[in-house]
Amino acid sequence: PSMVMRMDLDSIERNMLMNDRQAILKMAGTFKVGFDFEETLPLREGYELAKPYHTEAEELVIVVENRERYVSLQHLLVVRHEGETHVINHWRQDWVYQPSRSFGYNGDGSYRFYDCDWKRLHGHWVQHVYNVADSPRYSGHGRWRHEAGFSTWVSSNLITRPIPLREGHREDYNALRGIHKIVTTDHGWAHYQDNIKEEMHNKKATIDSRIALENGLNRYLRVPDENFEKAHEYWKNTEVYWKEVRRVWADVLKDRDRLELAKSWKGDPLFSHLFGLADEYWGQSDVREARPRVREIIDAFVVDEE
């Protein structure tokens, strides 16, 4: 009887993983994207709420890997301006079912890496989010739930992440902490955020360090594929290179407890160096010689632990 029960449980988990993965894969495709963020309430006396933020974009989201317990999705940003189309290697999201290790943002420009204990959190998927240069950005864990016509994932933890690029000019806070919700359908998907803007140092924040509450919504509406030729062309000619970049990052982060990156090297940010190499290796099928060059660049940005 125990063996039969074990087989039934394995079958249930396989079906659950299949349904979860199908929900995650609905985030792939071609989309018109709307980004909306609005501060809702001040948390500091005398603080004036910032103006609401809205912008639109187009993205191609590509399935990089698709395994039973792992799905990797690469976002490519498509910018159309004055009759020309430009493609930018955007952010990446890796979904891992109960990984052995994960990472979190400390709030002071550094990240911590830790072993996971899933005894209390069985059935959770971790969403690992990476910057345009494939460096870590934030992570969150939660369960997928499926209804007729849509699926929902809500983070069980308060996700901490760096100040977003849209507000990189601000100096009154350095971290966002919030609950994230992702809803996927056949027609698109949405990413909801309930955020706290605050000044954090070494994972710590106080009531006085919090400045405002913010609601965010990133809406991805599926559109036809025919206008994304440039994005497909970009990935066809750089896919092998970015795979090498991910391999280098895996080596750099292996067994690491902490990571802090410098803001620039030789006067340029990390993404600028890696984007330049992507152009240099454009269209090449064998880019193994790029690996030591990528490693040199990333090592130059890693701040040595004292």
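Biologist: Which residue in β15 does Arg112 stand opposite?

Modeller: Arg112 stands opposite Arg258 in β15. Strands here are DSSP runs of E with at least two residues, helices are runs of H or I with at least four, and both are numbered from the N terminus. This is a predicted model, in which local features need pLDDT of at least 70 and side-chain atom pairs count only at pLDDT 80 or more, while totals for chains, interfaces and linings use all residues. Residues are numbered from 1 along each chain as its sequence is written, and side-chain values use heavy atoms, with hydrogens and water left out.

Biologist: How many bridges join β6 to β15, and in what order do the strands of the sheet lie?

Modeller: Two strands pair if DSSP finds at least two bridges between them. In this case 3 bridges join β6, residues 110–115, to β15, and the two run antiparallel. The open sheet has 3 strands in the order β5-β6-β15, with antiparallel pairing. Because β5 (101–105) and β15 (258–260) stand at the edges with a single partner strand each, one side of each is left without a neighbour in the sheet.

Biologist: How many helices and strands does the chain have, and what does its radius of gyration say?

Modeller: The secondary structure comes to 4 helices and 15 strands. The radius of gyration is taken over C-alpha atoms, and the globule rule is 2.2 Å times the number of residues to the power 0.38. For 306 residues a compact globule would have a value near 19 Å, and the chain, with 20 Å, agrees with this.

Biologist: What share of the residues is buried, and which residues touch the most other members of the largest nonpolar core?

Modeller: In soluble globular proteins, nonpolar side chains tend to be buried together. Buried means under 20% relative accessible area, with a 1.4 Å probe and protein chains only, and buried residues make up 47% of the 306 residues here. A nonpolar core is a set of buried Ala, Val, Leu, Ile, Met, Phe, Trp, Tyr and Cys residues joined through side-chain atoms within 4.5 Å. The largest one has 39 residues, of which Tyr241, Trp242, Trp249, Leu270, Leu274, Val294 and Ile298 touch the most other members. Its largest share, 10 residues, comes from α2.

Biologist: Which residues does Trp249 touch?

Modeller: Contact means heavy atoms within 4.5 Å. Not counting residues up to four places away in sequence, Trp249 touches Ala133, Asp134, Ser135, Leu259, Leu261, Leu270 and Ile298. A second, separate core of 26 residues includes Ala23, Phe31, Ala57 and Trp144.

Key:
Buried means under 20% relative accessible area, exposed over 50%, partly exposed in between (1.4 Å probe, protein chains only).
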